[in-house]
Amino acid sequence: MEMSNNTLFDPRCREEAPFSIDVIKQLDIFGIVLFSVLTLMATVSMLVFIEECIYIYKKVPANKKSIIIWVTGAAPVIATMCCLGMWVPRATMFTDMTSATYFAVVVFKFLILMIEEVGGDQAFLRRSEKKSFKISTGPCCCCCPCLPNVPISRRSLFILKLGSYQFALLKLVFTILSIVLWTNGNFSLADVSASGAAIWINSFIGVLTIIALWPVAIMFMHVREALRTLKMIPKYAMYQLVLILSQLQTAVINILAMNGTIACAPPYTSQARGSLMSQQLLIVEMFIITLVTRVLYRRQYDPIPEPDDVEETKTVISARDLA
């Protein structure tokens, strides 16, 4: 019986993630082709992003340049980090933290982008005078339609910005804290016990994420009709898709790996194999999103006409028709 158990269980399944040289040595023809194609996809994603940055720098107004570069860089950066984690499995924790920290900034930048597309803070407040924000929206209060609308003011706009900015700032703080604790042996993603630091830090980051996504959803619900001609709805869809794939999909795969649902396949442990599957999926998904994002953002936008300007234009057209 003891001999049977030894033949069924590989002791390498209890080891840490493999070194890069171990990954390379165990690759067969299919593995070489797969890793090569995925690396090519990640490289093309980054090259497309660099080309897009050059175009944005030359064609887009100054107040939107850095914002659009940050937003369009989400998919290429995630694809690049996944490629590095695929080749260097022991660096997965750091590549995942880098991707998550970058996307935390993107959440805030996307909120600012919607405001800038309207014309900035002043133009937004002027256009939204006597209007209100509908706060009964996801991810916090989508099931609370009885919540009253909040009048739009400089203060309410600042609170929305603060709600997203806190995530960009605190995510970086908790990432640095996690790395410091990891170097001291107090942080491990595999330790999900109440006494471990990972479960508390990740839970708190999850709450911060929900709080940060709420202002973005509120702003989108308010400006989506005004910015329909600027393809804001598909842009928001791409932003949501990156969020779901990079956060939710990865979390589900990691949970399955930690529960042993994803089997160990030496030299990969269960958790390392789950990370590999997640990285390979994300590279393909982010490659497609990068190409779609390039089409959506590759244009120089004209200013959104003010409501008064629209009325004046209609009056002039009506006068011409009568003449």
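Mentor: Tyr165 counts as partly exposed, because its relative accessibility is 40%, and partly exposed covers the range between under 20% (buried) and over 50% (exposed). Keep in mind that this is a predicted model.

Tyr165 belongs to a nonpolar patch on the surface, together with Phe158, Ile159, Leu162, Leu169 and Val173. Taken together, these residues have about 570 Å² of accessible area. One member, Leu169, is found in helix α8. Leu169 is partly exposed, with a relative accessible area of 41%.

Tyr165 also has a ring partner, so aromatic pairs come next. The search of the whole structure finds ten of them. Take Phe35 and Trp87 as an example: the ring centres are 5.0 Å apart and the planes stand at 85 degrees, so this is an edge-to-face pair. Planes over 60 degrees apart are given that label. Phe35 is in helix α3 (residues 29–59) and Trp87 in helix α5 (residues 74–87), so the two lie 52 residues apart and the pair links distant parts of the chain. Phe35 is buried, at 3% relative accessibility, while Trp87 is partly exposed, at 26%.

Now back to Tyr165, whose partner is Phe108. Their ring centres are 5.4 Å apart and their planes meet at 70 degrees, so this pair is edge-to-face too. It also links distant parts of the chain, with Phe108 in helix α6 (residues 92–118) and Tyr165 in helix α8 (residues 154–183), 57 residues apart. Phe108 is buried, with a relative accessible area of 16%, whereas Tyr165 is partly exposed.

Elsewhere, ring pairs join Phe103, Phe110, Phe220, Tyr236 and Tyr239 into a cluster. Rings can also meet charges. Lys65 lies over the face of Tyr57, 4.5 Å from the ring centre. The charged end of Arg90 sits over the ring of Phe19, at 3.8 Å from its centre.

Another salt bridge is between Lys64 and Glu117, with 3.0 Å between the closest N and O atoms. Lys64 is in helix α4 (residues 62–72) and Glu117 is in helix α6, 53 residues apart. Here Lys64 is buried, at 8% relative accessible area, and Glu117 is buried as well, at 2%.

Glu117 has a further partner in Lys235, with the closest N and O atoms 3.9 Å apart. Lys235 sits in helix α10 (residues 232–258), and 118 residues separate Lys235 from Glu117. Lys235 is buried too, with a relative accessible area of 1%.

Methods. Residues are numbered from 1 along each chain as its sequence is written. This is a predicted model: local features need pLDDT of at least 70, side-chain atom pairs count only at pLDDT 80 or more; totals for chains, interfaces and linings use all residues. Side-chain values use heavy atoms; hydrogens and water are left out. Rings of Phe, Tyr and Trp (its six-membered ring) pair if their centres lie within 6.5 Å; planes under 30 degrees apart count as stacked, over 60 as edge-to-face and the rest as tilted. Helices (H or I, at least four residues) and strands (E, at least two) are DSSP runs, numbered from the N terminus. Buried means under 20% relative accessible area, exposed over 50%, partly exposed in between (1.4 Å probe, protein chains only). A charge sits over a ring if NZ of Lys or CZ of Arg is within 6 Å of the ring centre and within 35 degrees of the ring normal. Patches are made of residues with over 30% relative accessible area and no salt bridge: like charges are joined within 9 Å, nonpolar side chains (Val, Leu, Ile, Met, Phe, Trp, Tyr) within 5 Å. Accessible areas come from the Shrake-Rupley method with a 1.4 Å probe; for residues, only the protein chains shown count as cover. A salt bridge is a side-chain nitrogen of Lys or Arg within 4 Å of a carboxyl oxygen of Asp or Glu.
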